[in-house]
Amino acid sequence: MSARPDESEDLEGLLIAVVGMAGRFPGAADIEEYWRNLCAGAESIRDVTEMELRAAGLNPDRLKPDYVRRGAFIDGEDLFDEGYFGYSPREAMIIDPQQRLFLETSAEAFDDGGFEPRGFDGQIGVFAAEGISLYPSGFLGDELLIDAVGEFSIALGNEKDYLATRVAYKLGLRGPAITVQTACSSSLVAVHLACQSLLTGECDLAIAGGVSVRVPQRIGYVPGEGTGIASLDGRCRAFDADATGTVTGNGV
């Protein structure tokens with residue numbers, strides 16, 4: 001934050017510091033690797049292999065000449081240390097990977113900042129955003145699973161509403177826990193609300209961010225020229241006359 005000289009006294013004690021960060025990005029498992037990729041000008045959108053398309057269960061009928069076999073993917077979306085967070089394997093399996101990843105990355109952010117949330121002498125808030133989830137569609141037809149865990153447990157594991165409160169509960173945070181949904185601006189609005197909460201004294205420390213990981217990840221897309229914003233060749237060319245659109249990404 002910055003202020004004009006005559007406002008400096010009014011803002012005394014109202015400055016905000018970023019003390020820890022964590023993230024997962026296409027081609028980068030953490031913030032440091034992401035920064036190295038940026039400095040090197042690395043392109044993290046890549047081709048999708050035939051094996052990956054088959055593993056994703058893609059209908060061969062969709063593989064038309066205009067199908068773009070490219071995307072931006074993160075690794076390890078199927079991995080989760082359920083024991084560390086007090087889940088059973090079955091509980092973890094029915095939780096949307098986006099919520100698992102956001103919980104893991106939140107814990108990493110506290111580690112990066114040198115904070116042990118349960119021992120923090122103050123209120124910690126969490127402001128979180130999540131992308132569209134198609135994950136439950138993969139097992140909603142499994143009547144044996146539904147009978148075993150119950151529809152309510154499946155809802156708890158996949159509804160966006162529980163993203164922030166899951167982090168608060170599992171990490172022992174006692175401040176405001178708010179899931180934010182404003183479409184494409186969600187994670188930035190989460191940061192804005194976290195700053196407001198800090199400035200008004202609702203919390204002393206806040207974690208804010210977003211996650212968007214589609215399942216299955218490793219597929220391409222049909223661009224639909226003239227009907228959407230998807231790139232025709234699977235490449236993002238920001239501020240370039242040759243740009244034809246954007247490519248859906250995944251990350252935390």
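Reader: Where does Leu145 lie, and why is Leu145 called buried?

Author: Leu145 belongs to helix 5, residues 143-149. Please keep in mind that this is a predicted model. Buried means under 20% relative accessible area. Leu145 has 10%, so it is buried.

Reader: What is Leu145 in contact with, leaving aside its neighbours within four places in sequence?

Author: Its partners are Met93, Ile94, Phe139 and Gly150.

Reader: Let us turn to helix 4. How do you know that Gln99 is buried?

Author: Gln99 is found in helix 4. The cut-off for buried is under 20%, and Gln99 has 0% relative accessibility, so Gln99 counts as buried.

Reader: Which residues are in contact with Gln99, leaving aside those within four places in sequence?

Author: Gln99 is in contact with Glu130, Gly157, Asn158, Glu159, Lys160, Tyr162, Leu163 and Arg166. As for Thr49, it is 50 residues from Gln99 in sequence, and the C-alpha atoms of the two are 27 Å apart in space.

Reader: What makes up the largest nonpolar core?

Author: That core has 27 residues, and Phe102, Val126, Leu171 and Leu173 have the most contacts inside it. Two or more residues come from each of helix 4 (97-113), strand 3 (124-130), helix 7 (163-171) and strand 5 (205-211). Helix 4 gives the largest share, 6 residues.

Reader: And which other core lies apart from it?

Author: There is another core of 7 residues, with Tyr135, Leu145, Ile146 and Val149 among them. Membership of a nonpolar core requires a buried residue, and Leu145, at 10%, is buried.

Reader: What does Phe102 touch beyond its neighbours within four places in sequence?

Author: Phe102 is in contact with Val126, Ala128, Leu163, Val167, Gly209, Gly210, Val211 and Val252.

Reader: On to the rings. Why is the pair of Phe25 and Tyr34 called stacked?

Author: A pair of aromatic rings is described by the distance of the centres and the angle of the planes. Rings pair if their centres lie within 6.5 Å, and planes under 30 degrees apart count as stacked. Phe25 and Tyr34 are 4.0 Å centre to centre with 15° between the planes.

Reader: What makes the pair of Phe115 and Phe120 edge-to-face?

Author: The angle does: planes over 60 degrees apart count as edge-to-face, and here there are 75° between the planes, at 5.8 Å centre to centre. Phe115 is partly exposed at 27%, while Phe120 is buried at 19%.

Reader: How many aromatic pairs does the structure hold, and which residues form one aromatic cluster?

Author: The structure holds 5 aromatic pairs. Phe80, Tyr84, Phe85 and Tyr87 form one aromatic cluster.

Reader: What about Phe239: buried or exposed?

Author: Phe239 is exposed, because its relative accessibility is 91% and the cut-off is over 50%. Its phi is positive too, near 60°, in a residue other than glycine. Phe239 is found in the segment after strand 5.

Reader: How do you know that the peptide bond from Val215 to Pro216 is cis?

Author: Its omega is near 0°, and the bond is cis. Pro216 lies in the segment after strand 5.

Reader: Last one: what is the volume of the second largest pocket, and what lines it?

Author: Its volume is about 350 Å³. Of the 15 lining residues, Ala42, Ser44, Ile45, Ala72 and Cys236 are the closest to its centre. By class, the lining has 9 nonpolar, 5 polar and 1 charged residues.

Notes:
Residues numbered from 1 in each chain as written. Predicted model: local features only at pLDDT ≥ 70, side-chain atom pairs only at ≥ 80, totals over all residues. Heavy atoms only, no water. 1 Å grid on protein atoms, 1.4 Å probe; cavity = no way out; pocket = protein on both sides within 12 Å on 5 of 7 lines; lining within 4 Å. Points joined across faces, edges and corners; volume = space filled by probe spheres on them. Nonpolar A, V, L, I, M, F, W, Y, C, P; charged D, E, K, R; others polar. Core = buried A, V, L, I, M, F, W, Y, C linked by side-chain atoms within 4.5 Å. Buried < 20%, exposed > 50% of the residue type's maximum accessible area, 1.4 Å probe, protein only. Helix = DSSP H or I, 4+ residues; strand = E, 2+ residues; numbered from the N terminus. Contact = heavy atoms within 4.5 Å. Phe/Tyr/Trp six-rings, centres within 6.5 Å; stacked < 30°, edge-to-face > 60°.
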